[in-house]
Amino acid sequence: AEEVHFGYDKSAHETYLAAAYPIASSRRLTSKPPADLPFAIDDVSTLPRSVDWRREGVVTSVKDQGMCGSCWAFASAAVLESHVAIRTGTLYDLSPQELVSCVSNPHKCGGTGGCAGSTAEIAFDYVSKRGHGMLEEYQMGYTSYHGEDGKCPKKGPNGRFPGAVATIDGYSVCPTNDYACLMNAVAKVGPVGVAVAASTWAMYEGGVLTSDLSVGGSATDLNHAVVLVGYGVDDETQTPYWLVRNSWKPTWGEGGYIRLKRVDPSTLDDPDGDCGTDTTPMDGMACETDKDGNKLPPTPVKICGTSGVLFDAVMPVGGRLL
(Lines give C-alpha, C1' and ligand atoms only; values in the text may rest on other atoms or scores of the structure.)
Protein backbone atom coordinates (compact mmCIF):
# COMPACT_ATOMS: atom_id res chain seq x y z
CA ALA A 1 0.00 0.00 0.00
CA GLU A 2 1.12 3.54 -0.68
CA GLU A 3 2.49 5.24 2.42
CA VAL A 4 0.15 7.85 3.80
CA HIS A 5 0.78 10.52 6.39
CA PHE A 6 -1.40 11.90 9.12
CA GLY A 7 -0.42 14.63 11.57
CA TYR A 8 -3.07 14.87 14.27
CA ASP A 9 -3.35 13.75 17.85
CA LYS A 10 -6.58 14.22 19.74
CA SER A 11 -4.97 14.86 23.08
CA ALA A 12 -5.51 18.61 22.66
CA HIS A 13 -9.25 17.97 22.79
CA GLU A 14 -10.81 19.10 26.04
CA THR A 15 -12.32 15.66 26.75
CA TYR A 16 -8.84 14.19 26.92
CA LEU A 17 -7.66 17.03 29.10
CA ALA A 18 -10.67 16.73 31.39
CA ALA A 19 -10.06 13.04 31.91
CA ALA A 20 -6.30 13.15 32.03
CA TYR A 21 -5.87 16.29 34.06
CA PRO A 22 -8.99 17.68 35.81
CA ILE A 23 -7.58 21.19 36.29
CA ALA A 24 -7.47 21.55 32.52
CA SER A 25 -11.11 20.58 31.98
CA SER A 26 -12.33 24.16 31.65
CA ARG A 27 -9.44 25.28 29.45
CA ARG A 28 -8.08 24.43 26.06
CA LEU A 29 -4.44 24.93 25.23
CA THR A 30 -5.20 27.98 23.09
CA SER A 31 -5.11 31.68 23.85
CA LYS A 32 -8.87 31.99 24.24
CA PRO A 33 -11.73 29.55 24.90
CA PRO A 34 -14.08 28.27 22.18
CA ALA A 35 -16.99 30.52 21.23
CA ASP A 36 -20.61 29.51 21.68
CA LEU A 37 -22.02 27.43 18.83
CA PRO A 38 -23.16 29.79 16.04
CA PHE A 39 -26.41 27.88 15.50
CA ALA A 40 -29.28 26.26 17.37
CA ILE A 41 -29.37 22.47 17.53
CA ASP A 42 -32.67 21.45 15.92
CA ASP A 43 -34.04 17.94 15.61
CA VAL A 44 -32.19 16.09 12.86
CA SER A 45 -35.50 15.30 11.16
CA THR A 46 -35.89 19.00 10.30
CA LEU A 47 -32.55 19.18 8.45
CA PRO A 48 -32.08 18.69 4.69
CA ARG A 49 -31.86 15.09 3.50
CA SER A 50 -28.47 15.80 1.96
CA VAL A 51 -25.84 18.54 2.07
CA ASP A 52 -22.81 18.98 -0.20
CA TRP A 53 -21.02 22.31 0.13
CA ARG A 54 -19.09 21.64 -3.09
CA ARG A 55 -22.30 22.39 -4.99
CA GLU A 56 -22.36 25.89 -3.52
CA GLY A 57 -19.01 26.83 -5.03
CA VAL A 58 -17.33 27.33 -1.67
CA VAL A 59 -14.89 24.39 -1.67
CA THR A 60 -11.47 24.43 -3.34
CA SER A 61 -9.73 21.51 -5.04
CA VAL A 62 -8.31 18.61 -3.02
CA LYS A 63 -4.64 18.98 -2.07
CA ASP A 64 -1.81 16.57 -1.19
CA GLN A 65 0.04 16.88 2.11
CA GLY A 66 2.78 14.56 0.88
CA MET A 67 5.32 13.18 3.34
CA CYS A 68 4.59 15.81 5.99
CA GLY A 69 2.29 15.21 8.98
CA SER A 70 0.38 18.35 8.08
CA CYS A 71 -3.17 17.04 7.77
CA TRP A 72 -4.17 19.46 10.52
CA ALA A 73 -2.96 22.40 8.41
CA PHE A 74 -4.67 21.23 5.23
CA ALA A 75 -7.94 20.50 7.00
CA SER A 76 -7.86 23.84 8.80
CA ALA A 77 -7.07 25.80 5.65
CA ALA A 78 -9.85 24.05 3.72
CA VAL A 79 -12.43 24.77 6.42
CA LEU A 80 -11.30 28.40 6.59
CA GLU A 81 -11.57 28.76 2.81
CA SER A 82 -15.15 27.57 2.84
CA HIS A 83 -16.31 29.63 5.81
CA VAL A 84 -14.77 32.81 4.45
CA ALA A 85 -16.41 32.12 1.07
CA ILE A 86 -19.82 31.43 2.64
CA ARG A 87 -19.70 34.67 4.60
CA THR A 88 -18.11 36.95 1.98
CA GLY A 89 -18.69 35.42 -1.44
CA THR A 90 -14.93 35.24 -2.09
CA LEU A 91 -13.29 31.80 -2.38
CA TYR A 92 -9.56 31.96 -1.77
CA ASP A 93 -6.99 29.18 -2.00
CA LEU A 94 -5.39 29.75 1.39
CA SER A 95 -1.89 28.67 2.39
CA PRO A 96 -1.50 25.49 4.46
CA GLN A 97 2.22 26.30 4.48
CA GLU A 98 1.60 29.38 6.61
CA LEU A 99 0.10 27.14 9.28
CA VAL A 100 2.85 24.51 8.99
CA SER A 101 5.65 27.08 9.26
CA CYS A 102 4.17 29.69 11.58
CA VAL A 103 1.84 28.09 14.14
CA SER A 104 3.57 27.55 17.46
CA ASN A 105 2.71 24.54 19.59
CA PRO A 106 4.44 25.13 22.94
CA HIS A 107 2.55 22.42 24.81
CA LYS A 108 3.21 19.88 22.05
CA CYS A 109 -0.46 19.21 21.35
CA GLY A 110 -0.85 16.70 18.56
CA GLY A 111 2.88 16.74 18.06
CA THR A 112 5.53 19.42 18.08
CA GLY A 113 3.93 21.42 15.28
CA GLY A 114 4.64 21.67 11.58
CA CYS A 115 5.14 18.32 9.90
CA ALA A 116 5.17 16.66 13.32
CA GLY A 117 1.49 17.39 13.94
CA SER A 118 -0.92 19.79 15.61
CA THR A 119 -4.68 20.41 15.76
CA ALA A 120 -7.37 22.50 14.06
CA GLU A 121 -8.12 24.26 17.35
CA ILE A 122 -4.56 25.54 17.54
CA ALA A 123 -4.63 26.56 13.87
CA PHE A 124 -7.87 28.53 14.25
CA ASP A 125 -6.59 30.13 17.43
CA TYR A 126 -3.50 31.31 15.54
CA VAL A 127 -5.49 32.71 12.61
CA SER A 128 -7.85 34.63 14.90
CA LYS A 129 -5.06 36.42 16.73
CA ARG A 130 -4.63 40.04 15.70
CA GLY A 131 -2.00 40.46 13.06
CA HIS A 132 -1.99 36.97 11.60
CA GLY A 133 -4.81 36.23 9.22
CA MET A 134 -4.17 33.92 6.26
CA LEU A 135 -2.08 34.30 3.15
CA GLU A 136 -3.08 32.91 -0.21
CA GLU A 137 -1.48 29.76 -1.57
CA TYR A 138 0.43 31.64 -4.29
CA GLN A 139 1.87 34.02 -1.66
CA MET A 140 3.28 31.18 0.42
CA GLY A 141 3.28 27.99 -1.60
CA TYR A 142 3.54 24.51 -0.13
CA THR A 143 7.18 23.54 0.38
CA SER A 144 6.73 20.88 3.07
CA TYR A 145 5.78 18.02 0.76
CA HIS A 146 9.00 16.17 1.57
CA GLY A 147 8.76 16.76 5.31
CA GLU A 148 10.51 20.08 5.97
CA ASP A 149 8.60 22.60 8.11
CA GLY A 150 9.91 25.64 6.26
CA LYS A 151 10.50 29.12 7.69
CA CYS A 152 7.82 31.56 8.75
CA PRO A 153 8.10 34.89 6.89
CA LYS A 154 8.59 38.14 8.72
CA LYS A 155 5.57 40.28 9.46
CA GLY A 156 5.15 43.75 8.03
CA PRO A 157 5.55 47.01 10.00
CA ASN A 158 1.90 46.85 11.07
CA GLY A 159 2.39 43.43 12.67
CA ARG A 160 0.51 41.58 9.94
CA PHE A 161 1.82 39.43 7.13
CA PRO A 162 1.89 41.61 4.01
CA GLY A 163 -0.92 40.47 1.74
CA ALA A 164 -2.94 38.49 4.31
CA VAL A 165 -6.45 38.23 2.89
CA ALA A 166 -8.77 36.69 5.48
CA THR A 167 -9.20 36.01 9.17
CA ILE A 168 -11.72 34.75 11.75
CA ASP A 169 -12.92 35.81 15.19
CA GLY A 170 -12.32 32.43 16.82
CA TYR A 171 -13.63 28.88 16.74
CA SER A 172 -16.42 26.74 18.16
CA VAL A 173 -16.66 23.04 18.93
CA CYS A 174 -19.46 20.49 19.12
CA PRO A 175 -19.80 18.48 22.32
CA THR A 176 -17.92 15.21 22.07
CA ASN A 177 -19.71 12.42 20.18
CA ASP A 178 -22.77 14.61 19.50
CA TYR A 179 -24.44 13.43 16.28
CA ALA A 180 -27.19 16.06 16.28
CA CYS A 181 -24.71 18.90 16.76
CA LEU A 182 -22.50 17.74 13.90
CA MET A 183 -25.48 17.33 11.56
CA ASN A 184 -26.70 20.82 12.42
CA ALA A 185 -23.22 22.30 12.01
CA VAL A 186 -22.72 20.90 8.52
CA ALA A 187 -26.26 21.76 7.43
CA LYS A 188 -26.29 25.31 8.80
CA VAL A 189 -22.84 26.87 8.85
CA GLY A 190 -20.54 24.96 6.49
CA PRO A 191 -17.74 22.39 6.42
CA VAL A 192 -16.36 21.20 9.77
CA GLY A 193 -12.91 19.99 10.77
CA VAL A 194 -13.08 16.50 12.29
CA ALA A 195 -10.68 13.93 13.72
CA VAL A 196 -10.68 10.37 12.41
CA ALA A 197 -8.97 7.02 12.83
CA ALA A 198 -7.60 6.76 9.30
CA SER A 199 -5.10 3.91 9.59
CA THR A 200 -7.51 1.65 7.70
CA TRP A 201 -8.17 4.13 4.86
CA ALA A 202 -5.10 3.49 2.70
CA MET A 203 -6.80 0.95 0.43
CA TYR A 204 -10.11 2.81 0.11
CA GLU A 205 -11.18 3.27 -3.51
CA GLY A 206 -14.86 4.13 -3.27
CA GLY A 207 -18.25 3.43 -1.75
CA VAL A 208 -19.46 3.92 1.81
CA LEU A 209 -16.83 2.81 4.32
CA THR A 210 -17.87 1.10 7.53
CA SER A 211 -15.76 0.45 10.62
CA ASP A 212 -16.08 -1.78 13.65
CA LEU A 213 -14.92 0.29 16.60
CA SER A 214 -15.33 -2.65 18.96
CA VAL A 215 -12.11 -4.24 17.65
CA GLY A 216 -10.00 -1.39 19.03
CA GLY A 217 -6.39 -0.99 17.95
CA SER A 218 -5.85 1.05 14.80
CA ALA A 219 -9.63 1.16 14.21
CA THR A 220 -9.99 3.50 17.19
CA ASP A 221 -6.67 5.37 17.06
CA LEU A 222 -7.64 8.92 16.08
CA ASN A 223 -4.64 10.11 14.11
CA HIS A 224 -5.84 12.24 11.20
CA ALA A 225 -7.63 15.54 10.60
CA VAL A 226 -10.02 15.92 7.66
CA VAL A 227 -12.98 18.04 6.56
CA LEU A 228 -16.63 17.08 6.80
CA VAL A 229 -18.11 18.70 3.67
CA GLY A 230 -21.61 17.24 3.80
CA TYR A 231 -23.79 14.19 4.24
CA GLY A 232 -26.32 12.19 2.27
CA VAL A 233 -27.77 8.77 1.44
CA ASP A 234 -26.23 6.44 -1.14
CA ASP A 235 -28.51 6.09 -4.17
CA GLU A 236 -27.92 2.36 -4.66
CA THR A 237 -27.66 0.99 -1.13
CA GLN A 238 -29.66 3.69 0.70
CA THR A 239 -26.85 3.80 3.26
CA PRO A 240 -26.56 7.17 5.03
CA TYR A 241 -23.05 8.62 4.82
CA TRP A 242 -20.79 11.49 5.83
CA LEU A 243 -18.96 13.19 2.94
CA VAL A 244 -15.32 13.75 3.93
CA ARG A 245 -12.53 15.61 2.16
CA ASN A 246 -9.04 14.17 2.63
CA SER A 247 -5.57 15.56 1.86
CA TRP A 248 -4.00 12.56 0.13
CA LYS A 249 -4.30 13.98 -3.44
CA PRO A 250 -7.35 14.05 -5.74
CA THR A 251 -6.67 10.62 -7.25
CA TRP A 252 -7.23 8.92 -3.87
CA GLY A 253 -10.67 7.53 -3.03
CA GLU A 254 -13.58 9.27 -4.72
CA GLY A 255 -11.81 12.27 -6.23
CA GLY A 256 -9.91 12.84 -2.98
CA TYR A 257 -13.01 12.25 -0.86
CA ILE A 258 -14.29 9.36 1.24
CA ARG A 259 -17.82 8.52 2.36
CA LEU A 260 -18.18 7.15 5.88
CA LYS A 261 -21.27 5.29 7.07
CA ARG A 262 -23.47 7.67 9.06
CA VAL A 263 -25.39 6.20 11.97
CA ASP A 264 -27.96 8.15 13.98
CA PRO A 265 -27.48 6.81 17.54
CA SER A 266 -31.14 7.54 18.32
CA THR A 267 -32.09 4.75 15.91
CA LEU A 268 -30.06 2.14 17.79
CA ASP A 269 -31.32 -0.05 20.62
CA ASP A 270 -27.94 0.60 22.22
CA PRO A 271 -26.62 4.07 21.28
CA ASP A 272 -23.13 2.96 22.29
CA GLY A 273 -23.24 0.31 19.58
CA ASP A 274 -21.55 2.74 17.19
CA CYS A 275 -18.80 3.61 19.67
CA GLY A 276 -15.45 2.27 20.78
CA THR A 277 -12.51 3.12 23.01
CA ASP A 278 -9.34 4.87 21.97
CA THR A 279 -6.81 3.31 24.30
CA THR A 280 -3.77 5.11 22.88
CA PRO A 281 -4.47 8.84 23.29
CA MET A 282 -0.80 9.68 23.58
CA ASP A 283 0.41 7.85 20.47
CA GLY A 284 3.13 9.85 18.83
CA MET A 285 3.73 13.36 20.12
CA ALA A 286 0.69 14.66 22.00
CA CYS A 287 -0.08 17.33 24.59
CA GLU A 288 2.84 16.77 26.91
CA THR A 289 1.93 19.51 29.38
CA ASP A 290 -0.97 21.71 30.40
CA LYS A 291 -0.68 25.50 30.65
CA ASP A 292 0.97 25.20 34.05
CA GLY A 293 3.62 22.80 32.83
CA ASN A 294 2.06 19.72 34.43
CA LYS A 295 2.48 16.44 32.59
CA LEU A 296 -0.68 14.96 31.06
CA PRO A 297 -0.89 11.18 31.49
CA PRO A 298 -2.76 9.09 28.87
CA THR A 299 -6.38 8.15 29.50
CA PRO A 300 -8.65 6.00 27.27
CA VAL A 301 -11.80 7.73 25.97
CA LYS A 302 -14.97 6.82 24.13
CA ILE A 303 -15.20 7.73 20.45
CA CYS A 304 -18.28 7.30 18.26
CA GLY A 305 -19.22 7.20 14.61
CA THR A 306 -17.45 5.49 11.71
CA SER A 307 -13.71 6.02 12.14
CA GLY A 308 -14.54 8.06 15.27
CA VAL A 309 -15.84 10.97 13.18
CA LEU A 310 -18.09 12.29 15.98
CA PHE A 311 -15.37 12.77 18.59
CA ASP A 312 -13.85 16.16 17.76
CA ALA A 313 -15.69 18.63 15.49
CA VAL A 314 -14.40 22.21 15.24
CA MET A 315 -15.43 25.15 13.07
CA PRO A 316 -14.30 28.77 12.67
CA VAL A 317 -16.50 31.64 13.75
CA GLY A 318 -16.69 35.07 12.11
CA GLY A 319 -14.82 34.56 8.84
CA ARG A 320 -14.10 37.82 7.06
CA LEU A 321 -11.80 39.50 4.56
CA LEU A 322 -8.90 41.72 5.60
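Biologist: Where is the place of Arg259?

Modeller: A word first: this is a predicted model. Look at residues 257–261 of the chain, a run that holds Arg259. That run is strand 8.

Biologist: Is Arg259 buried or exposed?

Modeller: The cut-off for buried is under 20% relative accessible area. Arg259 has 14% relative accessibility, so it counts as buried.

Biologist: Which residues is Arg259 in contact with, leaving aside its neighbours within four places in sequence?

Modeller: The list takes in several parts of the sequence. Arg259 touches Tyr241, Trp242, Leu243 and Glu254, among others.

Biologist: With which residue does Arg259 form a salt bridge?

Modeller: Side chains of opposite charge can pair when their charged atoms come close. For Arg259 and its partner, the closest N and O atoms are 2.8 Å apart. The partner is Asp234.

Biologist: How many residues apart are Arg259 and Asp234?

Modeller: Arg259 belongs to strand 8. Asp234 is in the loop between strand 6 (224–233) and strand 7 (240–245). The pair links distant parts of the chain, and the separation is 25 residues.

Biologist: Is Asp234 buried or exposed?

Modeller: Its relative accessibility is 12%. Buried means under 20%. Asp234 therefore counts as buried.

Biologist: How many salt bridges does the count come to?

Modeller: The Arg259 and Asp234 pair is a salt bridge. Asp52, Arg54 and Arg55 are linked in a network of salt bridges. By the rule used here, the count comes to eight.

Biologist: Which side chain meets that of Lys188 in a salt bridge?

Modeller: The N to O distance is 2.6 Å. The partner of Lys188 is Asp42.

Biologist: How many residues apart are Lys188 and Asp42?

Modeller: Lys188 lies in helix 5 (residues 179–188). Asp42 is in the loop between helix 1 (14–20) and strand 1 (51–52). These are distant parts of the chain, with a separation of 146 residues.

Biologist: Which residue forms a salt bridge with Asp169?

Modeller: The closest N and O atoms of this pair are 2.4 Å apart. The partner of Asp169 is Arg320.

Biologist: Where is Arg320, in the pair that links distant parts of the chain?

Modeller: Asp169 is in the loop between strand 2 and strand 3. Its partner Arg320 is 151 residues apart from it. Arg320 is in strand 12.

Biologist: Which helix has nine of its nine residues buried?

Modeller: The helix spans residues 120–128. Its buried residues include Ala120, Ile122, Phe124 and Tyr126. Nine of nine are buried, so the rest of the structure largely encloses helix 4.

Biologist: Which helices and strands do the buried residues of helix 4 pack against?

Modeller: Two helices take part: helix 2 (71–88) and helix 3 (96–102). The strands are strand 2, strand 3 and strand 11.

Biologist: Which element gives the largest share of the lining of the second largest pocket?

Modeller: About 180 Å³ of space lies in this pocket. It has 14 lining residues, and the closest to its centre are Ser104, Pro106, Ile122, Asp125 and Lys129. The largest share of the lining is three residues, from helix 4.

Biologist: How many charged residues does the lining of that second largest pocket have?

Modeller: Six of the lining residues are nonpolar and six are polar. The charged ones number two.

Biologist: How many of the ten residues of helix 5 are buried?

Modeller: Among the buried ones are Tyr179, Cys181, Leu182 and Met183. Their cover includes strand 1, strand 4 (192–196), strand 6, strand 7 and strand 11. Helix 5 is largely enclosed because the buried count is eight.

Biologist: What percentage of the residues in the chain is buried?

Modeller: The chain has five helices and twelve strands. Its length is 322 residues. The buried share is 57%.

Terms used: Residues numbered from 1 in each chain as written. Predicted model: local features only at pLDDT ≥ 70, side-chain atom pairs only at ≥ 80, totals over all residues. Heavy atoms only, no water. Buried < 20%, exposed > 50% of the residue type's maximum accessible area, 1.4 Å probe, protein only. Helix = DSSP H or I, 4+ residues; strand = E, 2+ residues; numbered from the N terminus. Contact = heavy atoms within 4.5 Å. Salt bridge = Lys/Arg side-chain N within 4 Å of Asp/Glu carboxyl O. 1 Å grid on protein atoms, 1.4 Å probe; cavity = no way out; pocket = protein on both sides within 12 Å on 5 of 7 lines; lining within 4 Å. Points joined across faces, edges and corners; volume = space filled by probe spheres on them. Nonpolar A, V, L, I, M, F, W, Y, C, P; charged D, E, K, R; others polar.
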